[in-house]
Amino acid sequence: MHHMTLAEIARGLADKQFSAEELTRSLLARIQQLDPQLNSFITVTADQAMSQAKAADARRASGESGALLGAPIGHKDLFCTQGVLTSCGSKILTGFKAPYNATVVEKLAAAGAVTLGKLNMDEFAMGSANESSHYGPVKNPWDLTRVPGGSSGGSAAAVAARLLPAATGTDTGGSIRQPAALTNLTGIKPTYGRVSRWGMIAYASSLDQGGPLARTAEDCALMLHAMAGFDAKDSTCVDQPVDDYLAALSQPLAGLRIGLPKEYFGAGLDARIGEKVMAVVEALKKLGASVKEISLPNMQHAIPAYYVIAPAEASSNLSRFDGVRFGYRCENPVNLEDLYKRSRGEGFGAEVKRRIMVGTYALSAGYYDAYYIKAQQIRRLIKNDFVAAFNDVDVILGPTTPNLAWKLGEKNSDPVAAYLEDIYTITANLAGIPGLSMPAGFVDGLPVGVQLLGNYFQEGRLLNVAHQYQQVTDWHTHAPSGF
Amino acid sequence: MQWETVIGLEIHAQLSTQSKIFSASAIAFGAEPNTQASLVDLGMPGTLPVLNAEAVRMACKFGLAIDAEIAPQNIFARKNYFYPDLPKGYQTSQMDHPIVGKGFLDITLEDGTQKRIGITRAHLEEDAGKSLHEDFQGMSGIDLNRAGTPLLEIVSEPDIRSAKEAVAYVKAIHALVRYLGICDGNMAEGSLRCDCNVSVRPKGQAEFGTRAEIKNVNSFRFIEKAINHEVQRQIELIEDGGKVVQETRLYDPNKDQTRSMRSKEEANDYRYFPCPDLLPVVIEQSFLDEIRASLPELPVQKRERFQAEFGLSAYDADVLAASREMANYFEAVNAVCGDAKLAANWVMGELSSLLNKDNLDIEQSPVSAEQLGGMILRIKDNTISGKIAKMVFEALAAGEGSTADEVIEKKGLKQVTDSGAIEKMLDEVLAANAEQVEQYRAADEAKRGKMFGFFVGQAMKASKGKANPGQVNELLKNKLEG
Amino acid sequence: MALERTEVEKIAHLARLGLNEGEIPSTTETLNSILGLIDQMQAVDTTGIEPLAHPLEATQRLRADQVTENNQRDAYQAIAPAVENGLYLVPKVIE
């Protein structure tokens, strides 16, 4: 049962081949058996999952239907789930049983999805290897000595290992797309404002966006359809109807204009990944797409700008973790300052502290213009590049990552080297456009991802291209051995 | 040396919305601790702000009332600092793009002259919670009910030159926000709070001296005392060869002193940046036009109208226009009695002393405007004299009748104007004081004046004040002279 | 421009992050290498470019002024480190 996609599960449940309860029970057993190798879950909510599954079966028995009714999923552990530990992969949220549900959690629950648990992640979504979690690193099911990517590394590993058909993730600089690429999944970061951020613990508010990771574009469409939409509780959420992503999937690709940014194929890209990407281009051409080279001249400035904006917002967003109203509090604080400094000093991990300090510095008196304003100006230049590019092309295609999944611990000593791994993904966050990563083959047995970027609110088009590609290829069906 | 005082004020006015600025919690004063603190107010992870439309509207009202520039867009920023009453570790405020730009307010000084005080800006922000310092085993308790209450921070230019001017300005702001219905102005509950930036400089010097900011001044009286104290402190300090340091000082009304708040003195670096959870707020011209059309008559306009329309003195007009409730009351009295001067005298005289004595607001007045107006009508038509009117007023205040007419009737206070009856009464008075009549008639013109008063007094006493004083005078004169 | 130890200490204080003596040198070094990356921005000519704060450049939606929250104090304080009489407790606040 664990090899089924969401779409297959939906058919199975509709045809009464199995019940949601049976499916949930079987996946819970699989998680219990296999997850110790991966560490992809922080919390398994077995009891809650069983009652949700039974409720889904009851809803179906009473005549209800729906693609996600009874579908097992997991949530990245920064979506607040009422009464369940919501840790953000951090010690500082020790004991934080969220007093409310995130909008995404509510929406998926309303659609009948069954939550099997909360998934491991880089602490506060800061990382691209899932090694900064207080709950320990997550391993890549394709090679247990390698990282699964991050920050939605738990979501990626669990779905890739067939512990779950789909999971939620969040993407601030590539945190859905990069782990999807390194674990052979399809994952989409929607347009900024498409998915509500209410209850999604913030890393960098103007960049964060929730989205799904699954094995197919079709499953991503099913998930995103349930997750997206207006929410009055999030001022940055867009009040605009959600497209019919499922209907968009079957559109033929004839006439599709693909742009290949020359900056994505330069130095720094593993040539073997480049070859896989070009093979995808060839396949899409056969499906009727035309291809042209384009330029995104400011891409090279994206990393420095991102590593100002994201830490600046984070330094402020993370001030509320102070040991006063929730979460970790140091032992026996001698005074107020001691309470703050030790609770935060002991509660946050090294990477989080680094980014808080970088952000604090960038916003401090005398540096604000040189860092923060400058970064926002570059942000506009990057957006302008995309606006210009989308005058000529429908989607932009390139590699998701410059490298294959690396060895655990390999980049721990050099944060800057790890930051450079985000080069192809962070521009979408800075500009707010949607981006998707899909499987494009293997190098040395490790998955390669190709990234599609679209214009604002063109999620349907990205899912369509990925789906059509997945109709003529089978990379996405490959499962890691042992799972 | 002659010193000049320079004062700029920052007034925080709590806006009288129903709910908080960024959440749907109530803002009622005096609730049990933390019972009006929602997920947003507590700064729970994952929560987000949504701006209250009414707070925006109220800020615009204020802006229009001070003739300020209101930019088409204003932006919220985060002011970052750690304090236990600040749950998110930042205050959502406005920095570079406040909702209300430059404006002004005219104030009336004690000598009746007007002075224009510039207002630099007014911006929206959220209030913090409260730290309670009662001892919980050496701990402080944090109540976040107030966190997120909408504030309008009104920043004046350094145009104020004395403590008295400062008080006049705060009173004018107080009156204005109450006229506009955007703040209840209750200083004791902290609805209107004032920080005073005070400096001194030798008279004639162009540059400002170093200023100290006095926080936590929460009554008109304390504003005056705190500023006067601080001015004195600074002058003495400089004259003794010292230097004023830029710092925050706290006014202690019990000791009538300001003291340095050293704990807040560390180099603050608030790291303001635009709040990424909130978007730019757009103010449409049509929205402003609609608010402008609905603005009530403001204190300055009312003062001018009271002078022009009713012929009141500048002083009377100023007193009556000082609060919307007072002005409304006065106008209601005038509407009934049609005599603005009498109405003004009664409202500012008997009514005000009655309210002062019982410490009541005019809305709580035991005598309604209709009752007072009805009574003044009876003065005007000679049913009662001014003296009797005071008795009627007291009876109305004591609830001894629902109208002046009822009191007059019940107590038999109707003035006697029947000449025959008055003559009869006067004859009795003169007969009872035959000796004094003799003396009067024997006295020369110069002494008669004072003696005449004696007979008037006796006559009014005999009539229990009800005899028409004019008729008594005239008839008495005839009888004594005749 | 390289950060000195004292600046690192000042930043850590502003951010209320306790650093042990041992962490300071390595933190200083890492921050300097990150700042080296960030400083590459300075090469970009951004004259006349309006800063971009939000990708969509949308405007703020306003909420009707209604009270819809009710008292949830017990639920919210169930996860608090220290409360008494409905108040959150912290080491004494000195003004």
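Me: At which residues of chain B does UniProt place the feature "domain: Asn/Gln amidotransferase"?
Reply: This is a predicted model, where local features need pLDDT of at least 70, side-chain atom pairs count only at pLDDT 80 or more, and totals for chains, interfaces and linings use all residues. Residues are numbered from 1 along each chain as its sequence is written, while chains are lettered from A and ligands numbered from 1 in the order in which they are written. The UniProt entry is unreviewed; its positions follow the numbering used here, feature names are shortened, and annotations may be inferred rather than shown by experiment. The entry puts this domain at residues 328-480.

Me: How far apart are the end C-alpha atoms of residues 328-480 of chain B?
Reply: Helices (H or I, at least four residues) and strands (E, at least two) are DSSP runs, numbered from the N terminus. This stretch of chain B is 75% helix and 0% strand. Its end C-alpha atoms are separated by 49 Å.

Me: What is the radius of gyration of chain A?
Reply: Chain A holds 16 helices and 11 strands. Its C-alpha trace spans about 65 × 55 × 45 Å along the principal axes. The globule rule, 2.2 Å times the number of residues to the power 0.38, goes with a radius taken over C-alpha atoms. For 483 residues a compact globule would come near 23 Å, and chain A agrees, with 21 Å.

Me: Is A:Val334 buried or exposed?
Reply: A residue is buried with 20 or more other C-beta atoms (placed from the backbone) within 10 Å of its own, exposed with 12 or fewer, and partly exposed in between. A:Val334 sits in the loop between α10 (302-317) and α11 (336-347) of chain A. Within 10 Å there are 10 other C-beta atoms, so A:Val334 is exposed.

Me: Which elements do the buried residues of α4(A) pack against?
Reply: In chain A, 67% of the 483 residues count as buried. In α4 (residues 103-110), these include A:Val104, A:Val105 and A:Leu108. The buried residues of α4(A) pack against β2 (72-76), β4 (166-170), β6 (210-214) and α7 (217-227) of chain A.

Me: Which element supplies the largest share of the side of chain A that touches chain B?
Reply: Contact means that C-beta atoms, placed from the backbone, lie within 7 Å. The contact takes 32 residues from chain A and 25 residues from chain B. On the chain A side, α10, α11 and α12 (350-363) each supply at least two residues. The largest share, three residues, comes from α10(A).

Me: Which element gives the most to the side of chain C that touches chain A?
Reply: Here 38 residues of chain C meet 55 residues of chain A. On the chain C side, α1 (5-14), α2 (23-38), α3 (73-77) and β3 (87-91) give two or more residues. Six residues come from the top contributor, α2(C).

Me: Which residue of β15(B) stands opposite B:Arg78?
Reply: Strand β4 (residues 76-80) of chain B runs antiparallel to β15(B), joined by two bridges. The residue opposite B:Arg78 is B:Phe273.

Conventions:
Contact = placed C-beta atoms within 7 Å. Pairing = 2+ DSSP bridges.
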